[in-house]
Amino acid sequence: MTQDELKKAVAEAALEEVKKIIDKDSIVGVGTGSTANFFIDALATIKLDFDGAVASSEATRERLKAHGITVYDLNGVGTVPVYVDGADEVNAHLHMVKGGGGALTREKIIGACSTKFICIADESKKVDILGGFPLPVEVIPMARSYVARELVKMGANPVYREGFVTDNGNVILDLYNFPIDDPLSIEQKINNITGVVTNGLFALRPADVLLLGCADGVKRITAD
Ligand SMILES: O=C(CO)[C@H](O)[C@H](O)COP(=O)(O)O
């Protein structure tokens with residue numbers, strides 16, 4: 001199976017889980033990226049069975065709208081019963097590194113509001129220790145140099161993602177060669193640096209379910 005076929009398979013498996021949770025008044029949380037895009041296309045096939053969606057990026061908002069799915073402002077929505085999103089890396093505790101596409105902050109906000117977080121990923125994303133994929137940190141532009149210096153003190157090698165601006169008008173520093181041995185503490189430590197909006201570690205609010213696309217089928221994994 002190609003990587004795209006694995007992504008499509010997990011998106012379809014997620015749709016089956018979502019169908020069991022939603023009713024006609026439900027708002028579905030929708031993530032960002034190529035795997036999430038397969039989920040959006042699958043979700044469109046049942047668009048008459050739920051009320052609408054909240055989007056974790058402008059790109060996702062546009063794709064949902066193109067399918068005729070109503071997109072709500074999160075402020076007008078209470079709890080989101082289910083949120084489906086991809087990841088750049090995921091470990092056995094369903095802690096994730098996210099934000100390769102730069103949507104980490106809105107993804108984290110929707111994750112925080114969601115009762116159930118379903119992570120969809122192909123098997124290349126499953127790792128023992130997070131940090132092989134550079135960890136994104138969203139930063140207020142004027143704080144970029146200060147935050148970079150503080151991250152260097154933590155042993156990280158921050159690289160400015162040149163020419164990229166997040167949907168929130170901020171910049172991204174990607175942390176290379178930064179093994180994440182204690183995700184809970186590192187997530188909090190980085191977020192405590194003044195000028196950081198958030199970082200792409202999802203350990204304080206991990207996924208509840210991982211649907212992992214493997215050559216021999218989709219595996220359903222819950223946290224250790
Ligand atoms: O966090 C994300 C975007 O900010 C994505 O979920 C992550 O980058 C995975 O993307 P893809 O499904 O394209 O591999």
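Biologist: Before we start, what am I looking at, and how are residues numbered?

Modeller: It's a predicted model, where local features need pLDDT of at least 70 and side-chain atom pairs count only at pLDDT 80 or more, while totals for chains, interfaces and linings use all residues. Residues are numbered from 1 along each chain as its sequence is written, and side-chain values use heavy atoms, with hydrogens and water left out.

Biologist: Okay, sheets. In what order do the six strands of the open sheet run?

Modeller: Strands of a sheet pair through backbone hydrogen bonds, either parallel or antiparallel. Strands (E, at least two residues) and helices (H or I, at least four) are DSSP runs numbered from the N terminus, and two strands pair if DSSP finds at least two bridges between them. Here the six read β2-β1-β3-β6-β12-β13, with mixed pairing. The edges are β2 (52-55) and β13 (217-222), each pairing on one side only. From one strand to the next, the twist averages 25°.

Biologist: How do β1 and β3 pair?

Modeller: Residues 27-30 (β1) and 80-85 (β3) run in the parallel sense, over three bridges. Take G29: its bridge partner in β3 is Y83.

Biologist: Which strands does helix α2 lie across?

Modeller: Contact means heavy atoms within 4.5 Å. Angles run from 0 to 180 degrees between N-to-C directions, with axes fitted to C-alpha atoms, for helices over the stretch in contact. Helix α2 (34-43) lies across β1, β3 and β6 (114-122), at about 155° to β1. Helix α4 (104-113) lies across β1, β2, β3 and β6, at about 130° to β6.

Biologist: And the open sheet of four strands: what is its order?

Modeller: That one goes β8-β9-β7-β10, with antiparallel pairing. β8 (157-160) and β10 (196-199) are at the edges with a single partner strand each, so one side of each has no neighbour in the sheet. Neighbouring strands are turned by 30° against each other on average, direction ignored. β7 (135-139) and β10 pair over three bridges, and V137 has N199 as its bridge partner in β10. Helix α5 (144-153) packs on this sheet, touching β7, β8, β9 (171-176) and β10, at about 15° to β9.

Biologist: Now the ligand. How many residues surround it, and which are closest?

Modeller: A residue counts as near if one of its heavy atoms lies within 4 Å. There are 16, the closest being S34, T35, D88, G99 and K125.
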